Amino acid sequence: MIARGKFIVFDGPDGSGKGTQLARLEQWLGENGRSTVRAKDPGGTEIGDRIRHVLLGHDLAQMAPRCEALLFMASRAQLVREIVEPALNTGKIVLGDRFISSTCAYQVAAGFPREQVIALGNFAVGSTWPHLTIVLDVPPEVGFERTGRKPHHVSRRGGTGQLSMFDDAEPDAMERRPLDFHRRVRQLFLELPSAYPTPVAVIDGARPADAVFADVLQTVQRALG
Ligand code: TYD
């Protein structure tokens, strides 16, 4: 019988470098004889990509928070059934780019109760939670500097007194949210090790990529046993 694979998720604030670290780990695992499969969330399947389009393309101010949370969960219900579970059943290592941990940060920052996110997550993915979630921690200022969306010009929106971060490029619906929101997101990611049902490791992602990867590798090697 083939040993069941492992599900490792990279998560963190926008611009945390998770894409870079995921690619490096993917390459390292390949060189060390392990088969990997990527799982992009939201998205990663045809159905998930359509849900992603709805989530990121529209003005989220119009989307009810419960609708938003359910759409993220719907996308990953499909991802788990179509991609993650079959890969784990054939002994592969699944490398997730975001997962329920993101909803525990972004939607909870927007006011959704964390326990409800976890409960919805249980419904969406059953027992297929990650074996390990690696949160790459960066302050929002560093993250947005990296993504090229730095708040170079501050403007007021809709009389709410909220500071809009951007007035250039075309940020997606999430990125259009104000800086205070992204500070809360970071804080909620930092709380995950004691709030998430499966293990979470926080790694300082503000350092050069080589130093971050050394920590990623050490954490993964420990998890893979
Ligand atoms: P994505 O395009 O995957 O961003 P990145 O390239 O940074 O991974 O995700 C877009 C945005 O969606 C991102 O700002 C985080 C947000 N998001 C949530 O708000 N909730 C979630 O559950 C997920 C998965 C993402």
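Trainee: I've found Gly19 in helix α1. What makes a stretch a helix here?

Mentor: Helices are DSSP runs of H or I with at least four residues, while strands are runs of E with at least two, and both are numbered from the N terminus. By that count, the protein chain has eight helices and seven strands. Before we go on, this is a predicted model, in which local features need pLDDT of at least 70 and side-chain atom pairs count only at pLDDT 80 or more, though totals for chains, interfaces and linings use all residues. Residues are numbered from 1 along each chain as its sequence is written, and side-chain values use heavy atoms, leaving out hydrogens and water.

Trainee: Why does Gly19 count as partly exposed?

Mentor: Buried means under 20% relative accessible area, exposed means over 50%, and partly exposed is in between (with a 1.4 Å probe, protein chains only). Gly19 has 40% relative accessibility, so it lands in the partly exposed class.

Trainee: And why is Arg98 called buried?

Mentor: Its relative accessible area is 13%, and the cut-off is under 20%. Arg98 sits in the loop between β3 and α4. The C-alpha atoms of Gly19 and Arg98 are separated by 9.9 Å, although the two residues are 79 residues apart along the chain.

Trainee: What makes the phi of Arg98 worth a look?

Mentor: Most residues other than glycine have a negative phi, and most peptide bonds are trans. Arg98 isn't glycine, yet its phi is positive, near 70 degrees. For the peptide bond, check Asp41 to Pro42: that one is cis, with omega near 0 degrees. Pro42 is in the loop between β2 and α2.

Trainee: Back to α1. How do you know that its length agrees with what a helix should span?

Mentor: The expected span is 1.5 Å times one less than the number of residues. Helix α1 (residues 18-31) has 14 residues, which should span 20 Å, and its end C-alpha atoms are 20 Å apart, so the two agree. Just after α1, Gly33 has a positive phi of about 80 degrees.

Trainee: Why do we say that the buried residues of α1 line one face?

Mentor: Those residues are Lys18, Gln21, Leu22, Leu25 and Leu29. Looking down the axis, they fall within an arc of 100 degrees, so they line one face of α1. The arc is taken from the directions that run from the helix axis to the C-beta atoms.

Trainee: Which buried residues does α2 have?

Mentor: In α2 they are Gly48, Ile51, Leu55 and Leu56. The face turned away carries the exposed Glu46, Arg50, His53 and Gly57. The buried residues of α2 pack against α3.

Trainee: What makes a group of residues a nonpolar core?

Mentor: It is a set of buried Ala, Val, Leu, Ile, Met, Phe, Trp, Tyr and Cys residues joined through side-chain atoms within 4.5 Å. The largest one here has 32 residues, and Val84, Phe99, Ile100 and Tyr196 have the most contacts inside it. Helix α3 gives the most to this core, with seven residues. Apart from it lies another core of 17 residues, including Leu95 and Ile203.

Trainee: What is Ser101 in contact with, beyond its neighbours within four places in sequence?

Mentor: Contact means heavy atoms within 4.5 Å. For Ser101, the partners are Val9, Asp11, Thr133, Phe189, Leu192 and Tyr196. Ser101 is in helix α4, and at 0% relative accessibility it counts as buried.

Trainee: Last one: which residues come nearest to the ligand?

Mentor: Of the 17 residues around it, Asp14, Lys18, Lys40, Arg52 and Thr103 come nearest. To be near, a residue needs a heavy atom within 4 Å of the molecule. A polar contact is a pair of N or O atoms within 3.5 Å; within protein, one atom must be able to donate a hydrogen and the other to accept it, and residues adjacent in sequence count only if both atoms are side-chain atoms. An N or O atom in the side chain of Arg52 is 2.5 Å from a ligand oxygen, so this pair meets the 3.5 Å cut-off.
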